[in-house]
Amino acid sequence: LEAAKAFRTELVENGILREPKLDPNFTSEVPGVFWQKSQKKWMVEVHVQVHLRKRTRIRGCFNEKAAAEAKALELREKHGLQ
């Protein structure tokens with residue numbers, strides 16, 4: 001892993017790759033919350049085990065980051081994913 005990190009750093013220094021642009025305003029520490037650039041909204045996506053072999057996704061979109069994070073935490077707690 002250290003060799004890969006060093007190689008990537010070398011590629012960035014040589015101008016072959018660029019550093020990733022992560023805007024701190026568009027990231028979330030809450031699992032399942034992410035910024036959807038095309039819709040310009042915060043998305044919530046939680047995967048829930050329905051049956052032994054079936055999973056489903058619960059989704060939602062929000063204008064405010066705080067509302068999306070609250071909903072994601074609520075869904076994770078409701079379905080026992082903490």
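A: Two strands count as paired if DSSP finds at least two bridges between them. Strands (E, at least two residues) and helices (H or I, at least four) are DSSP runs, numbered from the N terminus. The model is predicted, so local features need pLDDT of at least 70 and side-chain atom pairs count only at pLDDT 80 or more, while totals for chains, interfaces and linings use all residues. Residues are numbered from 1 along each chain as its sequence is written, and side-chain values use heavy atoms, without hydrogens and water.

The sheet is open and has three strands in the order S1-S2-S3, with antiparallel pairing. Strand S1 (33-36) and strand S3 (55-62) are the edge strands, each pairing on one side only. From one strand to the next, the twist averages 30 degrees; angles run from 0 to 180 degrees between N-to-C directions, with axes fitted to C-alpha atoms, for helices over the stretch in contact.

Helix H2 (residues 65-78) packs on this sheet and touches S1, S2 and S3, contact meaning heavy atoms within 4.5 Å. The direction of H2 makes about 5 degrees with that of S2.

Strand S2 (residues 41-49) pairs with S3 in the antiparallel sense over eight bridges. Histidine 47 stands opposite arginine 57 in S3, and valine 48 has threonine 56 in S3 as its bridge partner. A hairpin through five residues joins S2 to S3.

The loop between S1 and S2 contains lysine 40. Phi of lysine 40 is near 55 degrees, a positive value in a residue other than glycine.
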